[in-house]
Amino acid sequence: MNVLVIGNGGREHAILLALKKSKRVEKLYCMKGNAGTAEIAENINVDYMNVEAVKAFALEHPEIDYYVVTPDDPLAVGLVDGLESIGKRCFGPNKAAAQIEASKAFAKQLMKKYKIPTAECEIFEDYGAALEYVRSKGAPIVLKADGLALGKGVLVCETLEQAEEGLKEIMLDKAFGSAGNKIVIEECLRGLKYTPGEEVSVLAFTDGKTIVPMITSCDHKRAYDGDKGLNTGGMGTFSPCPFWTEKLEKEVLKKIMIPTVKAMNAEGRKFKGCLYFGLMRTDKGMKVIEYNSRFGDPETQVVLPMLKTDLLDIFEAVTEERLSDVKIEWEDGACVCVVLASGGYPVSYAKGKEISVGDIKDATLVHAGTAVNDGKLVTNGGRVLGVVARGKDVEEARKKAYSAVEQVSWDGMHYRKDIGIKYREG
């Protein structure tokens with residue numbers, strides 16, 4: 001089979017690396033791709049946010065058998081619907097199902113209606129009413145832009161002053177554009193043991209009938225060590241989550257995952273694809289922080305290297321609604337991804353910096369914001385590379401990853417030095 005993956009970040013490179021292991025894959029394509037995807041796939045320069053342009057390309061290339069749509073934006077505008085309308089087979093949810101990520105207000109209303117555990121919240125479109133509510137509740141409090149904001153539309157405000165400023169940024173200054181026309185204001189959940197909270201990412205395959213959680217991972221969202229600085233799309237991940245247990249998995253399946261799939265079906269929005277659960281362990285049990293309608297980035301970079309089962313087999317089983325027939329198996333051990341970012345990310349940063357790469361041992365470079373210019377590898381985004389390493393445990397994987405990081409450099413390169421040490425006992 002010939003398979004095309006849509007997207008141009010680290011997640012897409014990681015998916016392509018996993019698909020490359022499949023004996024059933026003949027040729028890989030990536031739309032639009034980056035310098036890393038170009039090494040294992042043919043990059044296609046078509047705007048994937050233009051559904052008609054992608055459909056035209058697909059009709060002109062009948063040799064491509066299967067499409068994997070992974071970024072949130074094309075899912076939200078209905079790219080899967082468009083491809084399926086011309087008879088193309090896809091992995092990824094349709095537009096109606098992708099609403100679970102495209103609108104945080106929709107997701108919160110869904111959880112409230114179907115009694116899926118989450119933080120208490122209120123939803124506002126009027127700035128004055130929102131400001132009055134924030135002042136009545138006080139801090140700490142969480143502000144979430146309703147729409148898609150590249151993973152940066154969530155502000156955890158520790159003081160009332162921060163909350164008032166954040167509300168102004170989102171609703172009046174439009175820091176996240178139209179994504180902030182509506183805002184979700186919710187209670188700030190606290191962790192059972194650690195502050196500010198114990199978060200875990202659980203990606204799951206689902207065909208709308210069966211749901212199968214993948215191995216767990218933990219993301220480091222803030223820009224700087226010690227979870228300081230602004231929220232980013234993710235500065236690194238590790239797998240598995242140290243506090244995850246079989247008991248927790250059973251609780252999450254029973255109270256959160258299966259009810260979510262059933263809720264989406266009840267709403268006429270059958271979800272087929274990868275459903276991402278951002279969860280927090282609290283003194284009142286596991287609660288949903290957010291849903292994503294696709295593979296997480298950079299969670300995918302540490303989850304898929306641990307997958308034993310052929311990824312294409314799983315994708316097709318989801319498309320054909322026979323996921324229950326596939327036995328999904330995982331490798332033992334751990335995996336760590338350290339994100340190398342451009343200086344200034346997540347605010348403003350320069351592009352076109354030449355990247356020097358030395359002898360990378362016991363690790364894999366997963367490309368995100370990279371390009372080739374005059375034969376040289378250069379930066380082309382905020383998050384540039386992910387350095388991914390496996391080990392018998394997180395500590396061994398960390399050592400391998402950070403050893404490889406020392407082999408990479410460019411002017412202004414920034415990365416966190418504490419990836420993989422969250423939630424350690426003691």
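## Briefing: cores, rings and buried elements

Phenylalanine 205 is buried, and phenylalanine 295 is buried as well. Both belong to a predicted model, in which the chain has 426 residues and 57% of them are buried.

**The chain as a whole**

- The secondary structure of the chain consists of 12 helices and 24 strands.
- When the C-alpha trace is laid along its principal axes, the chain spans about 60 × 50 × 45 Å.

**The nonpolar cores**

- The largest nonpolar core holds 52 residues, and the members that touch the most others are Ile100, Trp244, Phe277, Leu279 and Tyr291.
- Helix α9, which covers residues 246–266, supplies the largest share of this core, namely seven residues.
- There is also a second, separate core of 41 residues, whose members include Leu16, Leu28, Ala41 and Cys335.
- Which residues does tryptophan 244 touch, once those up to four places away in sequence are set aside? They are Val200, Val202, Thr216, Glu249, Val252, Leu279 and Met286.

**Aromatic rings**

- In total, eight aromatic pairs are counted in the model.
- In one of these pairs, the ring centres of phenylalanine 91 and phenylalanine 295 lie 6.2 Å apart with their planes at 35°, so this pair is described as tilted.
- Because phenylalanine 91 lies in strand β5 (residues 89–91) while phenylalanine 295 lies in the loop between β17 (285–292) and α10, the pair ties together parts of the chain that are 204 residues apart in sequence.
- Phenylalanine 91 and phenylalanine 295 are both buried.
- Phenylalanine 295 also forms an aromatic pair with phenylalanine 205, and this pair is edge-to-face, with 6.1 Å from centre to centre and 75° between the planes.
- Since phenylalanine 205 lies in strand β10 (residues 198–206) and phenylalanine 295 in the loop between β17 and α10, this pair ties together parts that are 90 residues apart in sequence.
- Ring pairs join Phe91, Phe205, Phe295 and Phe315 into a cluster.

- Why is α1 described as largely enclosed by the rest of the structure? The reason is that nine of its 11 residues are buried.
- Those buried residues of α1 are Gly10, Arg11, Glu12, His13, Ala14, Ile15, Leu16, Ala18 and Leu19, and they pack against β1 (2–7), β2, α10 (300–303), α11 and β20 (364–367).
- In helix α5, which covers residues 95–102, the buried residues are Ala97, Ala98, Ile100, Glu101 and Ala102.
- The elements that cover the buried residues of α5 include α3 (72–76), α6 (104–113), α9, β16 (273–282) and β17.

**Serine 22**

- Serine 22 sits in the loop between α1 (10–20) and β2 (27–32).
- With a relative accessible area of 6%, serine 22 falls under the 20% cut-off and therefore counts as buried.
- Its side chain reaches the backbone nitrogen of arginine 24 at 3.1 Å.
- Leaving out residues up to four places away in sequence, serine 22 touches Asp310 and Leu312.

**Threonine 319**

- Threonine 319 is part of helix α11, which covers residues 311–319.
- Its relative accessibility is 16%, so threonine 319 also counts as buried by the cut-off of under 20%.
- Leaving aside neighbours within four places in sequence, threonine 319 is in contact with Tyr66, Cys90, Phe91 and Lys272.
- A polar atom of the side chain of threonine 319 lies 2.8 Å from the backbone oxygen of cysteine 90.
- Threonine 319 and valine 5 are 314 residues apart along the chain, while their C-alpha atoms are separated by 15 Å.

How values were computed. Residues are numbered from 1 along each chain as its sequence is written. This is a predicted model: local features need pLDDT of at least 70, side-chain atom pairs count only at pLDDT 80 or more; totals for chains, interfaces and linings use all residues. Side-chain values use heavy atoms; hydrogens and water are left out. A nonpolar core is a set of buried Ala, Val, Leu, Ile, Met, Phe, Trp, Tyr and Cys residues joined through side-chain atoms within 4.5 Å. Buried means under 20% relative accessible area, exposed over 50%, partly exposed in between (1.4 Å probe, protein chains only). Helices (H or I, at least four residues) and strands (E, at least two) are DSSP runs, numbered from the N terminus. Contact means heavy atoms within 4.5 Å. A polar contact is a pair of N or O atoms within 3.5 Å; within protein, one must be able to donate a hydrogen and the other to accept it, and residues adjacent in sequence count only if both atoms are side-chain atoms. Rings of Phe, Tyr and Trp (its six-membered ring) pair if their centres lie within 6.5 Å; planes under 30 degrees apart count as stacked, over 60 as edge-to-face and the rest as tilted.
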